[in-house]
Amino acid sequence: MKNFIRRYFTTNEIIKGFCLALFLSNFIFVSYFENLVFEFISPFLVIFALFILIRSNRFEFFHTGFFIGIFWFYWVSFSLRFAQASYLIPFEILIFGVIYGLIFLAIGWFKSVYIRAILLLGVSYFYPLNFNWLNLELTLIYGIFEPNLRGLGAILLSIIVFIKIAKFRVLLSLLVLFLGLQIKECEVNYIPLKTKLITTNIPQSIKWQKDMVMPQVKDVLKQSQIAINEGYEFVIFPESAITTYLNLDENLVEILKNISNKITILLGSTAYEDGKQYNSSYLFQNGKMSRFDKHVLVPVGEEIPLPNLVKNFINDTFFDGGTDFSKASSYSEFEISGVKIRNAICYEATRPEIYKKNPNIMVAISNNGWFVPSTEPNFQSLFIRYFATKHCTTVYHSVNASKSEIIKPKRAWIKKVVKKFSTKA
């Protein structure tokens, strides 16, 4: 046992794994600065880390994956604060580290750099417990490269060329690297109504208390009236803007229907129907109401993707005997002024299923109160931007407990630099 621990936990290998994970995670920290220099350098730190990693031993792969699991997902454990299980936070953080450490260990177990490169390219499409937020393509969200399979593939191929070819390897590697540059950029589409995104700041610790329902209702009505007075035509509220089964509150529904003759309203709430509960978006438009139920649920948070015996134990132990949410059979869309808009609720906006058929416009609503303060809001925004770039989708994102924003596809970096300096001039 001592030999096992000594072999897996040598100081040099731990430090190396930590540094490689830090370089591969740099985009998260760069997101806190609007700095063109940092953005330009970001993908080159990723290239350097991948170059070192692909030649590392399997134990260094493990430590790299371990620290990536922590750097990227430590915040997931913060939701335990609201299940009276804060003492389990360090344990859950450790679990994320071990899970992703083992995934990287499996990749590093192969000695062939070709197999390692292929597995690193494909790891973004492996979803443990249906959780898809480990995506190495996301590391290219800043800088000059395309944040997709082509961009990451070109980088890994250039590394292999540099390692395996003796003559002209620098030149050949650069030529391959050019294949990953972002040349084209998407057209930005907008909702054809003057639209207001509402940001709320209700702490998760009190958000679901019964005496908070009426203050939330009053705030929705107040903000809707303010939006009307300011000349807006569409107002978007965050997920769970009203923490009640809205479909069962006939009086409130009628009030919102009446207001929708003056302004279109989209807000998040829950629904209860046929003994099932749903996380839903409600659209009030021209005196009518439409409901769109969540299609992709949050693993563990909204559904336990495990056998019933384990699922029931977790629900009974940590969620006071609660049951999983039910879900819609597919994604939802609605129309405003003849324009189709895709609907997404929080986690859905970071799932490939919701971007099928490349929607031009999406409205996403989130509640980040579970995880703040942490890097989760920035990480979520970057992930949405990744999908927005990949599918040429403009995302209107309304959030509780962090910034609401219109998330546009990534611009070609050269054009961004030109615009930046031409604006200053």
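## What you're looking at

This is a predicted model: local features need pLDDT of at least 70, side-chain atom pairs count only at pLDDT 80 or more, and totals for chains, interfaces and linings use all residues. Residues are numbered from 1 along each chain as its sequence is written, and side-chain values use heavy atoms, with hydrogens and water left out.

## Overall build

The chain has 15 helices and 10 strands (DSSP runs numbered from the N terminus: helices are H or I with at least four residues, strands are E with at least two). Its C-alpha atoms fill a box of roughly 75 × 60 × 35 Å along the principal axes.

Buried residues (under 20% relative accessible area, 1.4 Å probe, protein chains only) make up 54% of the 425 residues. Take contacts (heavy atoms within 4.5 Å) with a separation of 6 or more: 70% of them come from residues 24 or more positions apart.

## A look at Ile-54

Ile-54 sits in the loop between α4 (36-53) and α5 (58-73). Ile-54 is buried, with a relative accessible area of 0%. Leaving aside residues up to four places away in sequence, Ile-54 touches Phe-61, Val-113, Arg-116, Ala-117, Leu-156, Ile-159 and Ile-163.

And Leu-138? From Ile-54 to Leu-138 is 84 residues in sequence and 18 Å in space, C-alpha to C-alpha.

Notes:
Buried < 20%, exposed > 50% of the residue type's maximum accessible area, 1.4 Å probe, protein only.
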